[in-house]
Amino acid sequence: MTGGADAVGIYDRALDHLLRFHPAVVDDAGTLVATSPDAPMGHALTAYLHLMSTDAADLPTASEAVAALQGCAEHPREQAHADAAAGWLAGDWTGAATHLDDLLRQWPTDLLALAIGHQLDFFLGDATNLRDRVGRTLPEVDPDHAHAGFVLGMHAFGLEESGHYAQAEAAGVAALARNRDDVWAIHAVVHTYEMRGRIDTGTRFLLDRTDDWADGNLFTVHNWWHLALFALEAGEPSRALAIYDDRLHTPSSAGVPSEMLDAAALLWRLHLDGVPTGDRFAVLADGWARYTTEDPRYAFNDVHAVMALAGAGRLDDCRAVIARLSAYVERAQGTNTSMTAEVGLPVARAVLAFVEGRHADVVAELEPIRRVLHHFGGSHAQRDAWQRTLLESSLRCGRNDLARALTAERLSMRGQANYNWAQRARVLHALGDANGAGSAAATAESNRVRFTTAFQDQR
């Protein structure tokens, strides 16, 4: 890397912090730029960190960093980073991901390109490249390298999002054998349990490892969110709300989109289940207020803002956001414009329709896009909020044929899940199958008891 031995040392420390989701990476980037302003990778790291936040307030800093990077990049590898960061800044997220793919073909062990490309694949909902980008690098990394375990952790998540659950679990466990504090690998393993309905195993896994993930990293809120989802599956909404109050959205929360996404997603699931949430939606909606008036940056954020506003009963504000997104689609170009048009707007309209009791409209918005929800990013677990919304509305508007098909699909993948069996009982009851409904309800209760025991075992 251009910039001398001191710059290389700071950059290596920053990269280690980035892979650990350690908040010191932000300070490292600032130190590198301040002490070695001619070192291109300091500007590259700064640009990527501020783009990865998906917060429009960070764009001016990202823009300055990109300009500085373009001005001092000399090596073709540095220029490739400049092209990727500039493309992302300009709104071409897909092009930026492709630039990083091209870079990694020439320099497959560039871990900054790998880590940032992996996050871009996540933002784009590109499960195949989440898996294969890392898969292409994995054989090129020295197994004894200090960061080889983190590459395994990234591969674990790509495998999980591609449906290779057992292989993903094994890769994640192998990554954690190298680095117990690899919070991304912890998160990947947790996803494998979520997607297979192994809630008791996932609960014990997280609770046994709280020292490794629960504090001191930039990903702690999301892993607490996963534990809250397990609490919901165990039939313990009060425990989920306690996690919300203690960890997801507190008076000291930073108000950044990544944390408020998790907060909105949990409250929305509770709302679908008819669980009272007090004034939490109202407080969260206030946190989202700034993001509902600025130029759209990421459709996934916008939809979660609408969920918070809808849950708070601020329906005029929901309509204003939807109108703003509709106008944006008409006038703008870029990756986020496409994501908003194809998925973001239909989901936002469905959320508004749900709280207004227009359940046939919810079905009309969500059924046509339910197989392409991944086109606007996030994980399968995150996007399940809208799959559940579709199922709940199909039950409420008498679309029992659809509800029966949806519950059958869910049970074919997660046959242990309490939620899936409980919804199956509801639809079978609506169809007049009392015996089938009773059997499904009994299975749901049996699973609930088993999942609750996993929490009680930790007391």
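Visitor: Let's start with Arg 414: buried or exposed?

Guide: Arg 414 counts as buried, because its relative accessibility is 11% and the cut-off for buried is under 20%. Keep in mind that this is a predicted model.

Visitor: Where is Arg 414 found?

Guide: In a loop, the one between helix H23 (400–413) and helix H24 (418–430).

Visitor: And which residues is Arg 414 in contact with, leaving aside its neighbours within four places in sequence?

Guide: You get Glu 194, Met 195, Arg 196 and Gly 197, plus Asp 384 and Asn 420.

Visitor: OK, zooming out. How many helices and strands does the protein have?

Guide: There are 25 helices and zero strands. The radius of gyration comes out at 22 Å, close to the 23 Å from the globule rule for 459 residues, so the protein is as compact as a globular protein of that length.

Visitor: What does the C-alpha trace span along the principal axes?

Guide: About 75 × 50 × 40 Å.

Visitor: How much of the protein is buried?

Guide: Buried residues are 57% of the 459. As for the surface, the protein exposes about 17200 Å², and 51% of that is supplied by carbon and sulfur atoms.

Visitor: What share of the contacts with a separation of 6 or more comes from residues 24 or more positions apart?

Guide: That share is 66%.

Visitor: Charges next. How many positive and negative side chains are there?

Guide: The count is 39 positive and 60 negative, with the centres of the two sets 8 Å apart.

Visitor: Switching to rings: how many aromatic pairs does a search of the whole structure find?

Guide: It finds 21. One of them is Phe 21 with Phe 219, a tilted pair at 5.1 Å centre to centre with 45° between the planes.

Visitor: Where do Phe 21 and Phe 219 sit in the chain?

Guide: In distant parts, 198 residues apart. Phe 21 is in the loop between helix H1 (4–19) and helix H2 (24–35), while Phe 219 is in the loop between helix H13 (210–213) and helix H14 (220–233). Phe 21 counts as buried at 18% relative accessibility, and Phe 219 is buried too, with a relative accessible area of 12%.

Visitor: Last topic, backbone. What is the phi of Phe 21?

Guide: Phe 21 has a positive phi of about 55°, although it is not a glycine. Most residues other than glycine have a negative phi.

Visitor: And what about the phi of Thr 54?

Guide: Also positive, at about 60°, and Thr 54 is not a glycine either. Thr 54 lies in the loop between helix H3 (40–52) and helix H4 (59–72).

Visitor: Is Thr 54 buried or exposed?

Guide: Buried: the relative accessibility of Thr 54 is 7%.

Definitions and conventions: Residues numbered from 1 in each chain as written. Predicted model: local features only at pLDDT ≥ 70, side-chain atom pairs only at ≥ 80, totals over all residues. Heavy atoms only, no water. Helix = DSSP H or I, 4+ residues; strand = E, 2+ residues; numbered from the N terminus. Rg over C-alpha atoms; globule rule 2.2 N^0.38 Å. Buried < 20%, exposed > 50% of the residue type's maximum accessible area, 1.4 Å probe, protein only. Contact = heavy atoms within 4.5 Å. Areas by Shrake-Rupley, 256 points an atom, 1.4 Å probe, with all protein chains shown as cover. Lys, Arg positive; Asp, Glu negative; His and termini not counted. Charge placed at Lys NZ, Arg CZ, Asp CG, Glu CD. Phe/Tyr/Trp six-rings, centres within 6.5 Å; stacked < 30°, edge-to-face > 60°.
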